[in-house]
Amino acid sequence: MSEITIRPLVAGDRTAWEPLWQGYLTFYKASLAPETSDTTFARLTGGTEPMGGFIALRDGKAIGIVNYVLHRTTWSPKEICYLQDLFTSEEARGGGVGRKLIEAVRQMAEKKGCFRVYWQTHESNVQAQELYDKVAQKSGFIVYRQPLG
């Protein structure tokens, strides 16, 4: 099997990023207006927002993405990194792509002096939790949402 390359997401990656982004949304039974995805990608690659991403490639084909957001926290004077979206193509699952994408975010956050990296997943995403249990600690917190507007 060919080597997996992980690199920062750039503006020219839109065509490669889009199917993985849509796969992520489909996995979570979500949909977004096209302009929301446009804004998201522009924020991830524009260099002016406290967010970004990485893309995983094998033989020049995109097989995974991860998007993150840096933000302040009341728990430290340092920023914290929220690993917001992680998705690998179905054929790439179980091959170390997710682990490499998480590691890319961890290394970036460490270089930026962040306090920690954190993320969440749906309780039904058992396959991802098998990896997450190996590379991180469960916080024990339950997430609540209150929609606005």
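Visitor: Is Glu103 buried, partly exposed or exposed?
Guide: This is a predicted model, and in it Glu103 has 29% relative accessibility, so Glu103 counts as partly exposed.

Visitor: OK, and which residue does Glu103 form a salt bridge with?
Guide: That's Arg106, and the closest N and O atoms are 2.7 Å apart. Both residues sit in helix α3, three residues apart, about one turn of the helix. Arg106 is partly exposed too, with a relative accessible area of 33%.

Visitor: How many salt bridges does the count come to?
Guide: Seven. One of them pairs Asp38 with Arg14, with 2.9 Å between the closest N and O atoms.

Visitor: What does that pair tie together?
Guide: Asp38 lies in helix α2 (residues 34-45) and Arg14 in helix α1 (residues 14-27), so the pair ties together parts that are 24 residues apart in sequence. There's a network here as well: salt bridges link Arg14, Glu18 and Asp38.

Visitor: Switching to strands: how do β3 and β4 run?
Guide: Antiparallel, with nine bridges joining β3 (residues 61-73) to β4 (residues 76-88). A hairpin of two residues takes you from β3 to β4. As an example of a bridge, Ile65 has Phe87 in β4 as its partner.

Visitor: And in which sense do β4 and β5 pair?
Guide: Parallel, over two bridges. Cys81 is opposite Val117 in β5.

Note on methods:
Residues numbered from 1 in each chain as written. Predicted model: local features only at pLDDT ≥ 70, side-chain atom pairs only at ≥ 80, totals over all residues. Heavy atoms only, no water. Pairing = 2+ DSSP bridges. Helix = DSSP H or I, 4+ residues; strand = E, 2+ residues; numbered from the N terminus. Salt bridge = Lys/Arg side-chain N within 4 Å of Asp/Glu carboxyl O. Buried < 20%, exposed > 50% of the residue type's maximum accessible area, 1.4 Å probe, protein only.
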